Amino acid sequence: MKLGVILSQTDPETVFNGLRLANYSLKQGDTAKVFLLGKGVELDRIDDPKFNVREQAETLLAAGGQILACGTCLKLRNSEGSALCPLSTMKDLYEIVRDSDRLVTLCTLKLRESGMPAKDYWQTRLDTPAILD
């Protein structure tokens with residue numbers, strides 16, 4: 001199986017788990033590519049004692065996985081990329097989406113910040129139409 005993972009945030013636990021999934025996939029004999037988008041390109045700045053994101057990323061690369069980072073997102077942050085966040089293009093993201101058998105994007109919810117109960121939070125999102133082409 002070809003696994004694609006899109007990470008667009010810097011929440012340590014979520015990024016850690018996304019990378020763990022990619023690493024597990026490699027151990028199963030699959031291929032895994034991770035694309036960093038938006039805040040996700042800040043992966044190499046995540047420093048959390050509970051969730052060793054850097055170690056997971058380095059393990060992924062050492063096992064033959066691939067990590068790519070949105071070039072525009074890096075440039076907006078005045079970054080040229082790094083070994084863990086190499087500059088790439090929208091074409092690379094497109095190819096991951098096109099070629100993956102399974103594509104996963106992980107997110108965290110800001111329920112606490114909204115002050116709403118979870119069912120109300122989700123209802124407001126469900127009432128808002130989304131158009132997916």
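Which residues have the most contacts inside the largest nonpolar core? They are Leu-19, Val-34, Leu-36, Leu-43 and Leu-60, in a core of 30 residues. This is a predicted model, where local features need pLDDT of at least 70, side-chain atom pairs count only at pLDDT 80 or more, and totals for chains, interfaces and linings use all residues. Residues are numbered from 1 along each chain as its sequence is written, and side-chain values use heavy atoms, leaving out hydrogens and water.

**Sheet and helices**
- Five strands form an open sheet: it has 5 strands in the order β4-β3-β2-β1-β5, with parallel pairing (strands pair if DSSP finds at least two bridges between them).
- At the edges, pairing on one side only, are β4 (87-88) and β5 (102-106).
- Helix α1 (residues 12-27) packs on the sheet and touches β1 (2-7), β2 (31-36) and β5 (contact means heavy atoms within 4.5 Å).
- Helices here are DSSP runs of H or I with at least four residues, and strands are runs of E with at least two, numbered from the N terminus.

**Core**
- A nonpolar core is a set of buried Ala, Val, Leu, Ile, Met, Phe, Trp, Tyr and Cys residues joined through side-chain atoms within 4.5 Å; buried means under 20% relative accessible area (1.4 Å probe, protein chains only).
- Helix α1 gives the largest share of this core, 5 residues.
- Among the residues that Leu-36 touches, not counting those up to four places away in sequence, are Leu-7, Leu-43, Ile-67 and Leu-84.

**Confidence**
- The chain's mean pLDDT (the predictor's confidence in each residue, from 0 to 100) is 88.
- Confidence is highest in β2, at 98, and lowest in helix α5 (residues 111-114), at a mean of 56.

Key: Axes fitted to C-alpha atoms, helices over the stretch in contact; angles between N-to-C directions. Buried < 20%, exposed > 50% of the residue type's maximum accessible area, 1.4 Å probe, protein only.
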